[in-house]
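I opened my notebook to go through this structure piece by piece. The entries below follow the order in which I looked things up.

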Amino acid sequence: MKTEFSLAQLANPDIAEADKILRACVHCGFCTATCPTYVLLGDELDSPRGRIYLIKEMLEKDRAPTEAVVKHIDRCLSCLACMTTCPSGVNYMHLVDQARVRIERDYKRPLPERLLREALARVLPQPKLFRAAMRLARLARPLSALFLASQAPSAGPTLMRRLGAMLALAPGRLPKPGPAAGQVFATLGRRRGRVALLQGCAQQVLAPRINQAAINVLTRHGIEVVLVKDEQCCGALTHHLGRDDDALALARANVAAWSREVASGGLDAILVTTSGCGTVIKDYGYMLREDREFAAPAAKISQLAKDITEYLATIELTPSDGRHSDIVVAYHAACSLQHGQKITAIPKDLLSKNGFVVKDVPESHLCCGSAGTYNILQPDIATRLRDRKIANIATVKPDMIAAGNIGCMMQIAGGTSVPVVHTIELLDWATGGPRPGSN
Ligand code: SF4
Ligand code: SF4
């Protein structure tokens, strides 16, 4: 794609990067076929190619974002299916991230929307605040249907519908908090390695059982696990809201905390059980590339970051006793894992090797609609995607659904009675732990 940035514009490293990305795009349109919003809405401006044009126009002309630009960028799930499909290697992720930052900086959203985004950015990354908010949401949950019915979906996502979607996502009961930061979990036998496990923010409130399962599997196989003190939310949620200063502050705090741990106790890897977080941590090196103090340590941290399944594939798991060999598992490929981190076969191979009957889900490249805060901010598109995903899952008649991302798990569980579990919970069960849902 031909671009027309001035030399003065190109002196800005972000614009120089955008220029490189835009020039790689050859307008072929292959990406449109796998873009969930284009598949649903059929509007070129809701496709990757259409959004790339909108972003190009906004950056080249150095214009404030228009309402139309904001509408179509907001509808993008950042699922990155387009990056998997693109034959020219266009880095849409870094381009749309830049567009979101520009929108946040230069576009004044209506007051209710600003307040909602502010609340999400403040509450979600803080487990204590998030826990308190979930308790309140549980009480208000009966109002969710009322809010959701307040306006026809075609009218667009109003504040009421967004609040309704948020309340509908609140779980009926909150589990007890999981292990506290600073704890070290010793191995059951000889120590073969040492890793940090990202504690996560929303996940540690909604499903501490996931990291407990990871700790069980790792320590059972000789890997010491540390929950690093002073670790923060990874910044993914604020990053996708375009609040770059907030996201970069969290990234710096994590790079500093993990670097201290590497220097003191040593770490073979930083493991992540929420693939949305893993994708962003693996990008810290890029996000902090212009930061003199943090660029090098951030790049090192990004190299150490691994999805839990990626790491487990490098160690020999104890043979299964076959208690679960008749369990049919529909594997839901989270976008952040399959498109963001390009991890596709590993989780399925681990499950198969450990005795489960693993089934691929038709249209597995399409997002389930969760996408961070997307299911709150764009509830109508998110629900259509969820229902489509659940219909596809139903075709393989599973006993359980496995996924590697808490956001997808909550989203899918909201529309089916089939148990939705994390891949690591099944691997824990297969290697001597409890059956998921039994404790
Ligand atoms: S597939 Fe890649 S090169 Fe083709 S239009 Fe989409 S982003 Fe551009
Ligand atoms: S990230 Fe997903 S929703 Fe956004 S343009 Fe790409 S494929 Fe479409």
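Predicted model: local features only at pLDDT ≥ 70, side-chain atom pairs only at ≥ 80, totals over all residues.

**Entry 1: a helix and what follows it**

Next I looked at α13 itself, residues 208-220. I counted 13 residues in α13, reaching 18 Å from its first C-alpha to its last. That is close to the 18 Å expected at 1.5 Å a residue.

Is α13 mostly covered or mostly uncovered? I found it mostly covered, with ten of its 13 residues buried. Here I took buried to mean under 20% relative accessible area. I wrote down the buried positions of α13: Pro208, Ile210, Asn211, Ala213, Ala214, Ile215, Asn216, Val217, Leu218 and Thr219.

**Entry 2: the second largest pocket**

I then asked which element gives the most to the lining of the second largest pocket. The answer took me back to α13, which supplies five residues.

I noted about 1,100 Å³ of space in the second largest pocket. Its lining has 36 residues, and Arg173, Leu206, Ala207, Arg209 and Glu425 are the closest to the centre.

I have 22 nonpolar, seven polar and seven charged residues.

**Entry 3: ligand 1**

I moved on to the ligands. Which cavity is the space taken by ligand 1? I have it down as the largest cavity.

Around ligand 1 I listed 13 residues. Cys25, Cys28, Gly29, Cys31 and Cys86 come nearest to ligand 1. By class, I put nine of the shell residues down as nonpolar, three as polar and one as charged.

**Entry 4: ligand 2**

I looked up the space taken by ligand 2 and found that it is the second largest cavity.

Which residues surround ligand 2? I recorded Cys35, Pro36, Pro48, Arg51, Cys76, Leu77, Ser78, Cys79, Leu80, Ala81, Cys82 and Tyr92.

α4 (48-60) and α6 (81-85) each supply at least two residues.

By class, the shell around ligand 2 has ten nonpolar residues, one polar and one charged.

Definitions and conventions. Residues numbered from 1 in each chain as written. Chains lettered and ligands numbered in written order. Heavy atoms only, no water. 1 Å grid on protein atoms, 1.4 Å probe; cavity = no way out; pocket = protein on both sides within 12 Å on 5 of 7 lines; lining within 4 Å. Points joined across faces, edges and corners; volume = space filled by probe spheres on them. Helix = DSSP H or I, 4+ residues; strand = E, 2+ residues; numbered from the N terminus. Nonpolar A, V, L, I, M, F, W, Y, C, P; charged D, E, K, R; others polar. Expected span 1.5 Å × (residues − 1). Buried < 20%, exposed > 50% of the residue type's maximum accessible area, 1.4 Å probe, protein only. Near = heavy atom within 4 Å. Sits in = over half its atoms within 2 Å of the grid points.
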